[in-house]
Structure formats: structure tokens, C-alpha cells
Amino acid sequence: MAAPRAVAQAAARAAARRAALRVTAVTARPCSPIVNLVDNAIKYTPEGGTVSLTTGWEGMYAVLAVHDTGIGLSAEDRERVFDEFYRVRSEQTHGITGTGLGLSLVKRLVEQHQGSISVDSEPGKGSTFTVRLPIEG
């Protein structure tokens, strides 16, 4: 499997080639939220599962979705997954390291750019995290 940073960079290049649109980013590392989402998808997907990235646009928004066939999230976990220091606690996540800050930081960065992030997930079926950022031009 390709390194998360390489996957994120390839997806960003492909999106840039598809359309002459511009997403403004004030962070020095605009791919960091993408890398975090891909890294989480890889961490929470068992061996043999899949992680995919799709890009496109909806109206005046660039859209990036990270989908995995991982362990998924319960309704309660979906409600709290963007909270600072929140970590899903289960037998399936026992050996997975992290601080519970990644998704809260991703959400904060996306919202600083007038964007949004959402999650669609079911236990045992995987998750899709979708980022929408306004485009200029």
C-alpha cells in the first residue's frame, strides 16, 4: 500500500488536473488534514481491507472523500468523533495508538477555510469522511 502522504499528494495532483479551480488554504501544510484522514483510514482498516480517495466538486465546493472498509463507527461514536481527545474505545481499537486530537484538528482547519467535514459510517462496514471546501475562480 502506498504511503498516506504519497496517496494524498497524488489525489491532490489529480484533482488539480481535472479543473482549473482554486481552493485557498492559509495553512503551511494544506495536505495535513488529508494525510490525517488517510492515515486514520489505514489504521482502522484490517489487513485485506481497502482505503480509497475520491475527489470532485459539488456546486462551488471542492470535495474530497476518504472511504475505508474498516471497523466503522457506532451512532454514538459518530456524534463525538470530532471532539477533542475523543477516542473510540473497543476491543477492535485496543492496539491502535493516538491522542484523539487528529479529527478535531482536521475539523478546525476545514472550518477555518469555510468548509465542512462529515462522516458516514456503520460498525463493521467502514467509514467515509467527506471534506467540502469552497472554490474560487
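This is a predicted model: local features need pLDDT of at least 70, side-chain atom pairs count only at pLDDT 80 or more; totals for chains, interfaces and linings use all residues.
Gln 114 sits in the loop between α4 and β3. Just after α4, Gln 114 takes a positive phi of about 60 degrees. Gln 114 counts as exposed, because its relative accessibility is 59% and the cut-off for exposed is over 50%. Its side chain reaches back to the backbone oxygen of Gln 112, at 3.4 Å. With neighbours within four places left aside, Gln 114 is in contact with Tyr 61 and Pro 134.

The strands come next. Strand β3 spans residues 116–122 and runs antiparallel to β4, with seven bridges joining the two. Within this pairing, Ser 116 has Arg 132 of β4 as its bridge partner. β3 and β4 form a hairpin, with three residues between them. Gly 124 lies in that turn and has a positive phi of about 80 degrees. Strand β4 (residues 126–134) also pairs with strand β2 (residues 61–68). That pairing is antiparallel too, over eight bridges.

Helix α4 covers residues 102–112, and its buried residues are Leu 103, Ser 104, Val 106 and Val 110. Seen down the axis of α4, these residues fall within an arc of 160 degrees, so they line one face of the helix. An α-helix has 3.6 residues a turn, so residues three or four places apart point the same way. What covers the buried residues of α4? The cover includes α2, β3 and β4.

Helix α2 is made of twelve residues, 32–43. From its first C-alpha to its last, α2 reaches 16 Å, close to the 16 Å expected at 1.5 Å a residue. Its buried residues are Pro 33, Ile 34, Val 35, Asn 36, Leu 37, Val 38, Asn 40 and Ala 41. Asn 36 lies in α2. This residue is buried because its relative accessible area is 19%, and buried means under 20%. Not counting residues up to four places away in sequence, Asn 36 touches Gly 102, Leu 103 and Val 106. Leu 103 and Val 106 are among the buried residues of α4.

Notes:
Residues are numbered from 1 along each chain as its sequence is written. Side-chain values use heavy atoms; hydrogens and water are left out. Two strands pair if DSSP finds at least two bridges between them. Helices (H or I, at least four residues) and strands (E, at least two) are DSSP runs, numbered from the N terminus. The expected span of a helix is 1.5 Å times one less than its number of residues. Buried means under 20% relative accessible area, exposed over 50%, partly exposed in between (1.4 Å probe, protein chains only). The arc is that of the directions from the helix axis to the C-beta atoms. Contact means heavy atoms within 4.5 Å. A polar contact is a pair of N or O atoms within 3.5 Å; within protein, one must be able to donate a hydrogen and the other to accept it, and residues adjacent in sequence count only if both atoms are side-chain atoms.
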